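The points follow the structure itself.

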Amino acid sequence: MIFISNQKLSAIPQPLLSRAIYVDVSMTPTEKLDRMEAIAPQVRPDIELSVKLEVVQFMREIMTHIKDLNIRTMLKVLDIRVASPTEWRDIAEYVLTA
């Protein structure tokens, strides 16, 4: 049986942990952003790479304040950036930190 969870290891019940072999693949915020930058060329091919990298850089600048940092977060910010090319930063920051 394979059990996959996005819970922190400390949140998994001890009886389950003691009967399992587990691999913790958690990432720091910096590692997550590095990964987003690495896959940026393959994500949303309809958007220029420079725009995607601009979004990742913006997320790096405020990463300590982002509530939920994952690839879906990057996609949300990309949508905001495309929808509002001149005033996207304030909107994105609110969405990421509220």
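**Note on the predicted model**

1. At 27% relative accessibility, Arg44 counts as partly exposed, a class that lies between buried (under 20% relative accessible area) and exposed (over 50%), with a 1.4 Å probe and protein chains only. Arg44 sits in the loop between H2 and H3; helices are DSSP runs (H or I, at least four residues), numbered from the N terminus. Although Arg44 is not a glycine, its phi is positive, at about 45°.

2. The model is predicted: local features need pLDDT of at least 70 and side-chain atom pairs count only at pLDDT 80 or more, while totals for chains, interfaces and linings use all residues. Residues are numbered from 1 along each chain as its sequence is written, and side-chain values use heavy atoms, with hydrogens and water left out.

3. Helix H3 (residues 49–61) has 13 residues and reaches 18 Å from its first C-alpha to its last. That is close to the expected 18 Å, taken as 1.5 Å times one less than the number of residues.

4. Which residues of H3 are buried? They are Val51, Lys52, Val55, Val56, Phe58 and Met59. Seen down the axis of H3, these residues fall within an arc of 160° and so line one face of the helix; the arc is that of the directions from the helix axis to the C-beta atoms.

5. The buried residues of H3 pack against H2, H4 and helix H5 (88–97), where contact means heavy atoms within 4.5 Å.

Terms used
Helix = DSSP H or I, 4+ residues; strand = E, 2+ residues; numbered from the N terminus.
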